[in-house]
Amino acid sequence: MRDNIQVAVRMRPLISREVEGKAVTYWNAKPPSTIYQKNSHSTIFNFDRVFEGQEENAIVYEEFCSPIVKSVIDGFNGTIFAYGQTSSGKTFTMLGDNDKNVLGIIHFTISEIFNLIQNMPEREFLLRVSYMEIYNETVRDLLSDENETLKLHEENGQIKVVGLKEHLIQEPEQMLQYMKEGECRRRTGETAMNEKSSRSHSILRMIIESGLRGAEDAAVNVSHFNLVDLAGSERARQTGAKGTRFKESININQSLLGLSRVIRQLSEKEDQFISYRDSKLTRILQNSLGGNALTAIICTVTPACLEETHSTLKFASQAKCIKNKPQVNEVLTEQALLKRYANEIKKLTEKLEATKEEKAQQNKNLQEQIEFLKKRFVSQMNPVFKTKAARRETWGGCLDAARLRRAFTSEEPFVIKESISLEDSIPKSRSRSLQNQMWSIPEEPRTVRSYSSRSQIESHDLSTLEEECEDIDAAGI
Ligand SMILES: Nc1ncnc2c1ncn2[C@@H]1O[C@H](COP(=O)(O)OP(=O)(O)OP(=O)(O)O)[C@@H](O)[C@H]1O
Ligand SMILES: [Mg+2]
């Protein structure tokens, strides 16, 4: 598929400076597609769309930009940029005007992107945004505090801005917040032509990835969408630029000249050398100019300038001839962040399942241990020791080896005063004989009764018991 770059011309109304200066108007716009020079019927231009002064940003968006936004959501690369001389209305068109409470193309774009996503429940999307400016031929990240100069690097035919930060976006408000942040950092300055003149080209880039929900092996569509507000060409004698402003104007004009050259080369004949490398602007926009993107250019003009508007219209005519080769960019590999995230989620889910099983096994083991230990309590319900008929019973005291020994050798009744736990006091392996021969089941748990008369233990092998006692002594119980 080959598609011409779409070109619209927007002629703004006269602004107060022009009205006060009683500016003469040279151009007439005749929507929907014609603009001509007054009193010169031979100087007539036709474009995909011509907007006149009364047509607002919302109409420009709806009629000219919206189709590109829809294609971007379907996986095509897209670019919309505003081109024109200083003070012709590029920033007004792309970013709106806060003072006049006017929203720009970028606002409408963001809103439509999120609406479209909401109406596609079968797909999941991952959105990232970056915002950069080209100021005096250096690239800067508008979403970073570090005032670093960023380098360009070519990788598989794609131009990368090394170190440019990309931010994940989940809702329109976040996107607008980043936009504001970027605008605050962008270089602007006052000139005689425009009190808030853009001194840099700004490129707001959205990277939109999407894939079918739940289809792990399906391809992911990845599209790059550039929303560009260029700085305007200017003549120093008109803007009164001096010092920094003058240096800026030289750089602006040079890079716009580079852009015009590329547009002319692309419009002339195929397979000729294209001087993308001549400026940072054409390198960054390489893909949008004669590449695989859908591109729309809004050329802004004022009716009050003859030559500058004529030159913008010539640029617009050349751009109209350029054919791009837009195609859906499908990625099957982990190059797509969405794919990487999906794989990461899969791995983590598997890990979670494994942990759950491990935990269940651990719980089972612990439960078994608890049951096992519970059985160690002495209770009526749990008769682990043999009961012996008692002739004389006394509630016992703490098991103490010396006292126990005395009990064995004395004819006096032996009394254990406090309750004890056999498990706690007697090493399990050695306590068998004591358990079997001396202790009986009490009525309550953890309480034992002793039979302390010597006659009762006559049948017991005293030496074994003494051995047990020595063991308990040695264990320090
Ligand atoms: N369509 C329009 N309707 C009403 N006012 C407009 C329109 N376009 C531009 N203006 C006004 O014209 C002035 C200059 O516009 P803007 O700053 O957008 O120009 P620009 O092309 O971005 O200039 P520069 O290249 O110097 O940045 C602003 O005051 C703006 O509000
Ligand atoms: Mg501007």
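# Why is it called that?

Colleague: Why is N136 called partly exposed?

Modeller: N136 has 17 C-beta neighbours inside 10 Å. A residue is buried if 20 or more other C-beta atoms lie within 10 Å of its own, exposed if 12 or fewer, and partly exposed in between, with C-beta atoms placed from the backbone. The count of 17 falls in between, so N136 counts as partly exposed.

Colleague: Before we go on, what kind of model is this, and how is it numbered?

Modeller: Residues are numbered from 1 along each chain as its sequence is written, while chains are lettered from A and ligands numbered from 1 in the order in which they are written. The model is predicted: local features need pLDDT of at least 70 and side-chain atom pairs count only at pLDDT 80 or more, whereas totals for chains, interfaces and linings use all residues.

Colleague: Thanks! Back to N136: where is N136 found?

Modeller: N136 sits in the loop between β10 and β11. Strands here are DSSP runs of E, at least two residues long, and helices are runs of H or I, at least four long, numbered from the N terminus. N136 is not a glycine, yet its phi is positive, about 50°.

Colleague: How do you know that β10 and β11 pair?

Modeller: Two strands pair if DSSP finds at least two bridges between them. β10 (residues 123–135) and β11 (residues 138–141) share 4 bridges in the antiparallel sense, so they pass the test. Within this pair, I134 stands opposite V139, and the hairpin has 2 residues between its strands.

Colleague: What makes β12 and β13 a pair?

Modeller: Here 5 bridges join β12 (residues 151–155) to β13 (residues 158–162), and the two run antiparallel. E154 faces I159 of β13. This hairpin also has 2 residues between its strands, and N156 in the turn has a positive phi of about 50°.

Colleague: S87 has a positive phi as well. Why is S87 called buried?

Modeller: S87 has 28 C-beta neighbours inside 10 Å. The cut-off is 20 or more, so S87 counts as buried. S87 lies in the loop between β7 (77–84) and α3, and its phi is about 70° although it is not a glycine.

Colleague: Now two helix residues, A342 and H310. How do you know whether each is buried or exposed?

Modeller: A342, in helix α10 (residues 337–374), has 21 other C-beta atoms within 10 Å, so it is buried. H310, in helix α9 (residues 307–320), has 16, so it is partly exposed. For H310 and Q37, 273 residues apart along the chain, the C-alpha separation is 8.7 Å.

Colleague: What makes a set of residues a nonpolar core?

Modeller: It is a set of buried Ala, Val, Leu, Ile, Met, Phe, Trp, Tyr and Cys residues joined through C-beta atoms within 7 Å. The largest such core has 77 residues, of which V9, C65, I297, C299 and A316 touch the most other members. Helix α2 (residues 57–73) gives this core its largest share, 8 residues. In soluble globular proteins, nonpolar side chains tend to be buried together.

Colleague: Which residues are in contact with C65?

Modeller: Contact means that C-beta atoms, placed from the backbone, lie within 7 Å. Leaving aside neighbours within four places in sequence, C65 is in contact with V60, I80, I105, T109 and A296.

Colleague: Which parts of the model call for caution, and why?

Modeller: pLDDT is the predictor's confidence in each residue, from 0 to 100. The protein averages 84, and 79% of the residues score at least 70. However, pLDDT stays under 50 over residues 393–397, and it is below 50 over residues 414–462 too. Where pLDDT is low, the predicted coordinates should not be read in detail.

Conventions:
Contact = placed C-beta atoms within 7 Å.
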